[in-house]
Amino acid sequence: MMNLKDILSPFSAWRNLLKEPVTIKDPLTERPGAPRYRGFHKNDIEKCIGCGTCETICENEAIDLVAVANVDTKNGDSGLRPLVDYGRCCWCALCVDVCTTGSLTMSNEYTWVSNDPEDFRYIPGVDKKEWDNNDLGWKKPDYTLIPTERMDMEEMEPSEREGTFLEIVRGYSRAQAEKEADRCTECGLCVATCPAHMDIPGYIRAVREGDMEEGLRLLYETNPLPEICGRVCTHRCEEVCAVGHSGDPLAIRWLKRYIADQVPFEEYKRILGITSIEENGKKVGIIGAGPSGLSAAYYLRIRGFEVTIYEAKSKGGGMTMYGIPKYRLPMNMLESEIGFLEEIGVKFVYETRVGEDISFDEIYKKHDAVFVGIGFEKPYKINIKGEEQKGALQAISFLDDINKGKKVDIGKKVAIVGGGNVAMDAARVARRLGAEVYMLYRRRVEDMPADSEEIHGAYEEGVQIIPQTIPVEIIGEGGKVKSIQYLMAEMVPDEKGGRPKPVPIEGSEQVLEIDTLIGAIGQEADYGFLPQEYLDKIETNRGRMLVDNNNKTTLDKVYAGGDAVNKTADAISAIADGHRAADAIERMLLV
Amino acid sequence: MFHWTPDRSAFPTAGPDGKFDFDSHKLVKIWHGPNHPGVTGNMSLELTISGDEVLESKTHVGYLHRGFEKLYERRTWIQCFPTVVRMCVPESDSNEYNLSAGIEELAGIEIPEMAKWLRTLVLEMSRLQALLRIVPAQGGTVGLGLGVQWGVYLRDLILDRFEELTGGRIYHMYMIPGGVRGLLPDGFKERLEENLILVDEFVLSIKRLMLDNAVFKKRTVGIAHIPVEWIDKYGIVGFVARGAGVKKDVRLDYPYLAYDQLDFDPAISTDSDIYARTWIRWNDIITTVDLLRQIMAKMPKKGEFKAPTPNVLHWQVPKGEVYVRSESSRGEYGFYIVSDGSKYPRRINLRGPSYTHAVSLLEKMLVNSNISDIAATMVSLQTCPPEIER
Amino acid sequence: MENFNSPQEIINFAIQSEQEAHDFYIELAGLVKFNELKVILEQFAAEELGHKTKLSKIVVDTEKTGLTAESVLDMKMADYTVDIQTKPDMTYQDLLTIAMKKEKKAFKLYTDLAQKITDQNIKEIFLGLAQEEAKHKLRFEIEYDEYILRDN
């Protein structure tokens with residue numbers, strides 16, 4: 001088996017002596033890492049929102065989110081930035097791949113010498129490193145670890161909507177809800193942004209795990225009107241959603257609605273554990289059964305207070321009952337939620353306008369604390385010629401009448417003045433009544449304060465928006481509105497950085513023939529119910545009551561919340577006010 | 001030729017029943033490893049010797065202190081992904097593949113065609129770099145260190161290709177559940193082909209240096225013979241089984257990824273000694289180079305490389321259990337994965353070839369062998385202690 | 001008031017008008033019920049006093065008055081809003097309307113006077129005063145735009 005060839009053959013290796021050596025000639029010259037190399041971390045701290053998803057995915061717990069100088073906590077930014085510990089890091093780059101904003105990347109730098117072990121714990125982007133401007137290295141590849149597409153919500157076709165006030169949004173099925181809930185990273189940026197600080201990641205987890213009872217408990221911890229918020233909340237949480245930076249934000253509102261829809265109202269008492277309430281003997285009077293009043297009532301009642309709500313109208317719910325059209329919020333939802341409050345012992349005194357049917361003084365003296373949630377009930381007039389004529393309506397009262405089931409004759413052509421959510425509601429309701437609807441707005445469509453989905457809905461339903469128009473006169477005939485005259489406006493930028501100012505263009509008069517004009521330019525609070533001695537003590541700022549951190553007004557033992565207090569003018573802020581005031585009232589009276 | 005035979009008459013002898021008295025205090029016990037250059041990694045052999053003959057060998061592990069499998073019970077599924085690669089350093093990609101394939105099977109995810117080809121490419125590149133290191137190392141065990149220098153250089157070139165494709169040299173962390181983490185960079189195929197041409201030369205050089213080497217043959221031919229009956233008895237797989245004439249190859253027996261579209265026939269021998277096993281693995285280099293060329297020619301130019309998965313942060317892989325296997329350079333490499341439907345794996349169990357090769361088989365093989373052959377025997381089984389001690 | 005003999009007389013007239021405006025707001029402040037509106041009216045009054053002080057600092061013996069005829073943004077809100085009757089339950093909207101209309105009137109008065117006068121020096125003083133009033137009006141219009149027309 002062995003032969004001479006086997007003895008000589010190995011000597012062929014000598015021919016390698018003639019080859020170029022393959023070892024590195026100059027050991028001091030650095031060999032750069034490959035363009036995709038997973039080297040030392042970099043972070044664009046301006047882009048980073050401190051959502052902490054990198055921290056969550058890291059299997060070595062090598063990343064900590066820490067506070068950083070010059071980065072402030074703000075809406076949608078925790079103000080924290082990732083600190084990487086190279087004693088633990090394994091350079092798998094999952095933190096980069098999962099980064100919601102794409103701010104975290106890696107350079108292709110891989111050599112680093114230092115005598116101080118502390119150096120190897122550093123905050124990329126904050127602690128300056130020589131590879132910060134190195135463009136090569138691992139970047140978020142073109143794939144996702146977190147699904148970026150939102151589950152579509154089924155809606156009624158725009159063509160079917162005329163003539164009906166049936167709810168447009170159909171709601172998620174279980175499979176849809178669980179799939180949508182799966183996209184959450186549980187970063188909690190939404191919790192900070194939500195005025196009520198709802199445990200959003202918590203109830204989304206409950207959806208994912210199919211535990212509706214836990215979900216409902218979490219909702220009621222901070223919000224006793226989830227059915228309402230699940231439908232009409234302004235969902236500022238979704239604007240800051242971390243997932244929204246690389247795709248569609250979570251449909252947080254629809255998930256809340258899903259939970260609330262799954263649990264029958266009869267089960268609420270058992271699930272929330274309110275089977276018996278121990279009375280504490282203190283009385284609280286609440287003026288106005290809007291979201292803030294109802295919220296305060298719930299949290300006070302479950303803590304044993306005797307709660308009485310005085311409401312001028314015949315039903316509770318405030319603007320959610322009388323202002324929001326039923327295609328957005330069906331009546332039965334509201335009635336059930338209010339019914340639940342009645343069931344746990346909140347007393348409602350309807351059709352009792354404070355200041356007329358009962359004096360404020362009486363309420364003030366009868367109760368240990370008073371909560372004022374009167375809302376913005378009084379609309380601003382457009383304040384132009386001809387507004388007093390028949391056919392010139394106010395959106396608030398128009399929507400109120402429609403929700404009460406009254407017949408309102410608006411004719412064939414309707415003009416809405418305004419561009420907020422109230423204007424959108426009025427316009428879309430008018431479309432449902434079969435009218436041709438024009439919306440006159442002083443600025444551009446992108447300046448409209450209304451929610452973008454409302455604007456989108458209005459367009460879908462055929463509302464014609466005429467932007468940059470300034471109504472100057474309502475022309476009537478025989479005491480009835482006949483047409484509206486308006487000027488076209490040009491937008492002049494504000495030197496001080498405010499909204500651009502619409503300035504009418506000379507000679508651009510237009511006349512629009514209409515049957516009805518609906519004003520929706522804004523509302524204010526009506527303090528007519530307060531006697532002068534109380535009025536003098538209540539401090540306000542531009543019509544809104546001044547309150548402290550506990551939602552207490554400048555008047556002793558009087559708390560306030562809702563639109564009459566905060567500028568955001570949405571239900572969730574009102575609910576948060578009610579909760580905060582309830583906490584403060586409890587501290588004031590019981591501690 | 002020079003030949004010397006030790007005087008074995010002075011050695012302790014077996015008793016009348018043919019058995020040694022291990023309590024006679026006449027036998028010597030030595031530890032081969034864990035810090036012995038001839039040991040394949042962090043393990044050690046407790047040898048009882050009589051003169052230079054091994055009477056008994058016991059394999060000891062426990063030097064790694066890792067407990068990966070236990071760790072996985074406390075990690076989310078995605079967090080296992082960066083760690084599994086560490087269960088086998090010289091050939092980490094089989095781990096990545098098995099974990100991803102297992103999760104995909106449990107979750108019912110079909111990976112895109114492009115990802116299948118890229119995974120096949122990476123697995124073959126991984127096999128190539130492992131073989132480039134271990135084949136010349138077989139020469140090292142009998143004092144022929146030169147081939148190792150050549151092999152390590154070429155392996156580094158393949159690692160360069162890994163670096164530009166995956167971002168890492170050793171731990172590639174490239175096959176993520178659902179697919180892979182990126183497409184080929186521009187010019188990758190050309191650069192890989194340049195490397196493969198060097199490997200072609202290397203294959204010939206190694207043949208001249210090692211396989212056609214009188215000393216090497218003298219030290220390996222007929223040494224550490226494994227009878228064919230042992231193959232099933234000890235669960236022997238891969239090239240060791242092929243060395244004994246039993247063709248076992250997961251790529252052929254249970255085709256996965258793109259292997260059913262590739263044409264290859266792994267070498268086989270009936271000699272079943274160290275030389276045969278070296279020759280088979282030397283042949284495997286040739287097969288792998290050919291496979292890499294086939295893959296580069298057949299793989300699609302572009303396409304999706306990752307299928308969508310649920311949110312990995314709280315992925316609850318559906319309840320179930322699965323055994324996934326792939327062919328590593330050492331043989332069948334399997335993961336047994338159990339999910340209880342929670343965020344965390346219930347069990348991820350690795351079944352590597354070394355578990356039987358280095359424990360039960362090696363202990364049996366070393367009886368009556370010469371201590372000078374132990375290192376060559378171990379390397380001829382290509383044992384890898386991390387597979388035993390997970 | 002149509003016959004002004006010297007620039008100083010014109011300035012004196014303007015000072016007098018600001019004082020009257022101040023008095024008007026103070027009177028209104030006594031009328032309204034709502035605390036905050038009282039405060040706001042007092043602010044308006046104080047602003048008029050400020051204007052008065054500014055005018056009294058003008059030295060008229062030279063040709064330069066320090067008043068420049070730069071153009072001021074005119075949102076023209078005062079043009080098409082309806083007149084407001086003063087009454088105790090006036091709202092913030094009402095007050096702003098009254099204030100901007102008042103400034104508009106002053107602006108118009110000065111511009112009209114400037115047109116009638118041929119003396120270039122005096123004409124410029126009037127135009128300058130008109131611009132001052134236009135600035136005051138813009139301040140109210142912006143306030144109206146931001147707080148009353150929030151949704152429009």
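Me: Which residue in S5(A) does Val84(A) stand opposite?

Reply: Val84(A) stands opposite Tyr122(A). Before going on: this is a predicted model, where local features need pLDDT of at least 70 and side-chain atom pairs pLDDT 80 or more, while totals for chains, interfaces and linings use all residues. Residues are numbered from 1 along each chain as its sequence is written, chains are lettered from A and ligands numbered from 1 in the order written, and side-chain values use heavy atoms, leaving out hydrogens and water.

Me: What makes S3(A) and S5(A) a pair of strands?

Reply: Strands are DSSP runs of E with at least two residues, helices are runs of H or I with at least four, and both are numbered from the N terminus. Two strands pair if DSSP finds at least two bridges between them. Strand S3 (residues 80-85) of chain A has 2 bridges to S5(A), running antiparallel, so the pair meets that rule.

Me: Why are S2(A) and S5(A) called edge strands?

Reply: The open sheet has 3 strands in the order S2-S3-S5 (chain A), with antiparallel pairing. Strand S2 (63-67) and strand S5 (121-122) of chain A each have a single partner strand, so one side of each has no neighbour in the sheet.

Me: How do you know in which sense S12(A) and S13(A) run?

Reply: Strand S12 (413-417) of chain A is joined to strand S13 (436-440) of chain A by 5 bridges, and they run parallel. Val417(A) stands opposite Leu440(A) there. S12(A) is also mostly covered, with 4 of its 5 residues buried.

Me: And S7(B) with S8(B), what sense is that?

Reply: Antiparallel, over 6 bridges, between strand S7 (331-339) of chain B and strand S8 (345-351) of chain B. Phe335(B) has Leu350(B) as its bridge partner in S8(B). The hairpin has 5 residues between the strands, and Gly341(B) takes a positive phi near 85°.

Me: Why is H12(A) described as largely enclosed?

Reply: Buried means under 20% relative accessible area, exposed over 50%, and partly exposed in between (1.4 Å probe, protein chains only). In helix H12 (residues 291-301) of chain A, 11 of the 11 residues are buried, so the rest of the structure largely encloses this helix. Among them are Tyr298(A), Tyr299(A) and Arg301(A).

Me: Is Arg208(A) buried or exposed, and how do you know?

Reply: Buried: its relative accessible area is 13%, which is under the 20% cut-off. Arg208(A) belongs to helix H6 (residues 200-208) of chain A. Contact means heavy atoms within 4.5 Å. Leaving aside neighbours within four places in sequence, Arg208(A) is in contact with residues including Glu178(A), Asp182(A) and His314(B).

Me: What makes Arg208(A) and Ala181(A) a polar contact?

Reply: The rule asks for N or O atoms within 3.5 Å; within protein, one must be able to donate a hydrogen and the other to accept it, and residues adjacent in sequence count only if both atoms are side-chain atoms. A polar side-chain atom of Arg208(A) lies 3.3 Å from the backbone oxygen of Ala181(A), so the distance is inside the limit.

Me: Which two chains share the most contacts?

Reply: Chains A and B, out of 2 pairs in contact. They bring 47 residues from chain A and 45 from chain B. Their buried area, the accessible area (1.4 Å probe) lost on being put together, summed over both, is about 3,600 Å². Arg36(A), Arg38(A) and Glu59(A) supply 18% of what chain A buries there, more than any other three residues.

Me: Why is Asp6(A) with Lys217(B) called a salt bridge?

Reply: The rule wants a side-chain nitrogen of Lys or Arg within 4 Å of a carboxyl oxygen of Asp or Glu. For Asp6(A) and Lys217(B) the closest N and O atoms are 2.7 Å apart, so the pair qualifies. Chains A and B have 7 salt bridges.

Me: What about Asp145(C) and Lys501(A), how far apart are they?

Reply: The closest N and O atoms are 3.9 Å apart, so this pair also falls within 4 Å. Chains A and C have 5 salt bridges, and about 3,100 Å² is buried between them.

Note on methods. Buried area is the accessible area (1.4 Å probe) that two parts lose on being put together, summed over both.
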